[in-house]
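Good morning, colleagues. Please turn to the sequence and the structure on the screen, and I shall take you through several of its local features.

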Amino acid sequence: MNSVWSETAKMNIFPALEGDAKTDVLIIGGGMAGILCAHFLQNAGVPYILVEGHTIGGGITKNTTAKITSQHGLLYHKLLKRAGLEKAKMYLGANQRAVEEYARLCAEIDCDFERKPAFVYSLNDRKIIEKEMAALQKIGFGAELADKIPLPFNIAGAVKFADQAQFHPLKFLAGISKGLNIYEQTFVRELAPNAAITENGKIMAKHIIVATHFPFLNKHGRYFLKMYQHRSYAIAFENAPGISGMYLEEKKSGLSFRNQAGLLIIGGGDHKTGKKGGNWRILRDFAANAYPKAVEKYRWATQDCMTLDGAPYIGRYGKAAEGLYVATGFNKWGMTSSMVSAMLLADLIMGHKNGYAEVFSPQRGMIKPQLLVNGLAAAGNLLKPTARRCPHMGCALKWNPAEQSWDCPCHGSRFDGKGILLDNPATGGINKKI
């Protein structure tokens with residue numbers, strides 16, 4: 001079960017870090033966000049070390065759909081209502097800047113970068129499309145209203161963002177990681193003030209960036225309350241049509257579409273980690289009806305951190321966490337959010353003002369309905385009598401038959417059938433044999 005990206009890219013190999021080390025900035029996590037942080041710090045001449053527990057791009061990044069866009073579902077009418085006009089402009093401006101920065105970097109890297117329009121469509125709710133269009137007009141962004149898209153069903157309407165992009169994320173990482181100060185197979189087990197403890201030593205640093213998808217330190221930030229994780233699935237099909245754009249249904253359970261090198265990638269089957277969902281069955285059923293000649297070539301699944309209000313947490317890890325920073329909660333939009341994170345965190349570390357910092361601040365208000373839902377779900381799960389517990393915070397694990405894994409419904413840690421860690425925030429496997 002490998003993604004099209006994993007099967008069609010050759011990654012660079014980096015050594016493990018043996019013993020102790022000292023640096024100005026330590027970056028923990030070698031996914032897209034961490035690698036881009038290293039890129040910007042290196043260009044600015046700031047001493048840094050990046051450590052990755054396994055191999056770069058080998059976690060969530062390898063399982064993305066790799067859309068580079070500021071169109072994050074039908075977000076902007078919600079953002080306008082919740083945060084106001086200025087913050088909505090900040091969010092859109094930051095992500096549009098991210099799109100353009102990718103375009104600049106990809107001009108020098110062979111990574112299948114293509115400019116494409118992005119569409120969010122609704123099958124039966126014209127009003128929600130019109131509401132999003134009205135919000136974008138207030139913000140000052142020139143989106144377009146579409147009545148038809150090249151997919152095998154009718155729609156009520158769609159919001160179109162022109163001049164967005166798609167690419168091959170691992171080819172991009174292979175290109176941009178050359179010459180960076182990276183150590184692989186260097187797993188951070190614990191954080192101390194201005195220090196990280198690995199299996200082979202201690203790394204001292206003035207600043208530490210936690211770019212591990214879900215933050216693993218519970219002492220600060222309350223991320224275990226502010227987020228939950230969501231799984232989604234993708235299949236790349238041969239003998240399926242070209243669709244000249246990137247498409248996403250506005251509902252959480254909807255489908256997404258894009259082409260890649262002659263393949264059609266269909267995504268969907270979403271569900272909260274640890275709960276039941278459609279997984280690949282939904283995608284296969286759709287393709288069998290809509291594209292009967294299509295042949296499955298690759299399939300994969302991914303996991304996303306979902307925040308209380310739909311915006312990532314990028315900035316200082318916690319109010320009392322001096323010198324500690326975080327990039328998390330990308331809400332299924334990891335490519336542009338990774339770029340925003342890298343630009344913003346590099347500015348904060350170097351003492352530069354960043355005009356977008358406020359809208360992404362991890363210290364913004366927590367009082368949202370989802371907070372109560374997250375808390376009650378975790379409390380209920382903790383009380384379930386079962387021997388299979390997650391080492392992160394003790395929640396009861398559930399068996400995922402589609403992926404043959406033990407999944408945590410509280411915070412999204414996942415383990416294979418032998419108890420070996422697959423996805424964080426847990427930092428180790430299940431000790432008890434299952």
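How far is the sulfur of cysteine 106 from the closest cysteine sulfur? The model is a predicted one, and in it the distance is 3.5 Å, to the sulfur of cysteine 111, which is too far for a bond. A disulfide requires the two sulfur atoms to lie within 2.5 Å. Cysteine 111 is accordingly in no disulfide.

Cysteine 395 is joined to cysteine 410, with an S to S distance of 2.2 Å. The link of these two cysteines is left-handed, at -100 degrees about the S-S bond. The pair connects distant parts of the chain, 15 residues apart: cysteine 395 belongs to the loop between helix 11 (369–382) and strand 18 (398–400), while cysteine 410 belongs to the loop between strand 19 (405–407) and strand 20 (414–416). Cysteine 395 counts as buried at 1% relative accessibility, and cysteine 410 counts as buried at 6%.

I turn next to strand 17. Five of the five residues of strand 17 are buried, so this strand is largely enclosed by the rest of the structure. Leu324, Val326 and Thr328 point one way, and Tyr325 and Ala327 point the other way. On the pairing, strand 10 (residues 201–210) runs parallel to strand 17 and is joined to it by three bridges; here isoleucine 209 stands opposite tyrosine 325. Strand 16 (residues 313–316) runs antiparallel to strand 17, with four bridges between them, and tyrosine 313 has threonine 328 as its bridge partner.

Lysine 332, in the loop between strand 17 (324–328) and helix 9 (334–350), has a positive phi near 80 degrees. Its side is partly open to solvent by our criterion: lysine 332 is partly exposed, at 26% relative accessible area. Asparagine 239 also has a positive phi, of about 55 degrees, although it is not a glycine. Asparagine 239 sits in the loop between strand 11 (227–238) and strand 12 (246–249), and it is exposed, with a relative accessible area of 56%.

Helix 2 comes next. Its 12 residues, 32–43, reach 17 Å from the first C-alpha to the last, close to the expected 16 Å. Of those 12 residues, 10 are buried, so helix 2 is largely enclosed by the rest of the structure. Among the buried residues are Met32, Cys37, His39 and Phe40. Just after helix 2, glycine 45 takes a positive phi of about 75 degrees.

Finally, which residues does phenylalanine 153 touch, leaving aside those up to four places away in sequence? They are Tyr121, Leu123, Phe257 and Phe286. Phenylalanine 153 lies in the loop between strand 5 (144–146) and strand 6 (157–166), and it counts as partly exposed at 21% relative accessibility. Phenylalanine 14 is 139 residues from phenylalanine 153 in sequence and 47 Å from it in space, C-alpha to C-alpha.

Definitions and conventions
Residues numbered from 1 in each chain as written. Predicted model: local features only at pLDDT ≥ 70, side-chain atom pairs only at ≥ 80, totals over all residues. Heavy atoms only, no water. Helix = DSSP H or I, 4+ residues; strand = E, 2+ residues; numbered from the N terminus. Expected span 1.5 Å × (residues − 1). Buried < 20%, exposed > 50% of the residue type's maximum accessible area, 1.4 Å probe, protein only. Pairing = 2+ DSSP bridges. Contact = heavy atoms within 4.5 Å.
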